[in-house]
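Good morning, and thank you for coming.

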Amino acid sequence: MNNQSLGVCFRGEFHKQIPAEPQYRDGAKLIAQLLSQEELQINDITPDRDFDETVCSGKNFDMNELKQYILGELNLNVKVTVQEVIVTNFVQNAINNLAAYGIMSKEYRVTKDHEITLISMLNGLVKAIKDGKLKVGN
């Protein structure tokens with residue numbers, strides 16, 4: 001995958017230790033910049049172990065936590081928490097707005113497990129609208 005991907009390395013032995021918050025935070029700043037620059041989405045982020053037999057990034061490296069920090073860097077007004085993902089007012093407001101255009105049901109309920117995916121989809125829709133690739137309304 002090296003010839004068709006970007007790699008970001010976090011230094012540490014995360015099979016033995018837990019990454020420090022500044023590592024997540026600083027890594028998230030870089031990754032958010034790369035996502036914007038390369039027009040990628042949050043779900044494009046995958047650990048090495050998804051492509052090869054390796055322990056990278058380690059059993060103690062929390063990809064969901066990293067993604068929450070990245071979303072915060074992308075200015076999506078997502079509340080970053082270490083212990084759990086919280087379904088935010090931002091997500092519910094976005095659902096309500098998309099429902100007004102008939103894109104999704106207003107009754108759609110987000111589980112904590114699916115919030116990152118939904119935010120990525122919503123971010124993609126907003127970008128498509130801003131770029132004129134998707135027209136909504138009359």
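Helices α1 and α2 each supply at least two residues of the lining of the largest pocket. A helix here is a DSSP run of H or I with at least four residues, a strand is a run of E with at least two, and both are numbered from the N terminus. The largest share of that lining, four residues, comes from α1.

Before going on, please note that this is a predicted model, in which local features need pLDDT of at least 70 and side-chain atom pairs count only at pLDDT 80 or more, while totals for chains, interfaces and linings use all residues. Residues are numbered from 1 along each chain as its sequence is written, and side-chain values use heavy atoms, with hydrogens and water left out.

What is meant by a pocket? On a 1 Å grid over the protein atoms alone, a pocket is an open set of points where a 1.4 Å probe fits, with protein on both sides within 12 Å along at least five of seven lines; lining residues have an atom within 4 Å of a point. The largest pocket holds about 960 Å³ of space, a volume filled by probe spheres set on the points, which are joined across faces, edges and corners. Of its 33 lining residues, Leu6, Gly7, Val8, Thr46 and Asp48 are the closest to the centre.

As for the overall fold, the protein has four helices and zero strands. Of its 138 residues, 28% count as buried, that is, under 20% relative accessible area with a 1.4 Å probe and protein chains only.

I turn now to the aromatic rings. Rings of Phe, Tyr and Trp (its six-membered ring) pair if their centres lie within 6.5 Å; planes under 30 degrees apart count as stacked, over 60 as edge-to-face and the rest as tilted. The count by this rule is four pairs. In one of them, phenylalanine 14 and phenylalanine 61 are tilted, at 5.6 Å centre to centre and 50° between the planes. Phenylalanine 14 lies in the segment before α1 (21-38) and phenylalanine 61 in the loop between α1 and α2 (63-73), so this pair ties together parts 47 residues apart in sequence. Both phenylalanine 14 and phenylalanine 61 are buried.

Why is the pair of tyrosine 24 and tyrosine 69 called stacked? Their planes stand at 5° and their ring centres are 6.2 Å apart, so the pair is stacked. Tyrosine 24 in helix α1 and tyrosine 69 in helix α2 are 45 residues apart. Tyrosine 24 is buried at 2% relative accessible area, and tyrosine 69 counts as buried at 10%.

Finally, Phe10, Phe14, Tyr24, Phe61 and Tyr69 form one aromatic cluster.

Technical notes. Buried < 20%, exposed > 50% of the residue type's maximum accessible area, 1.4 Å probe, protein only.
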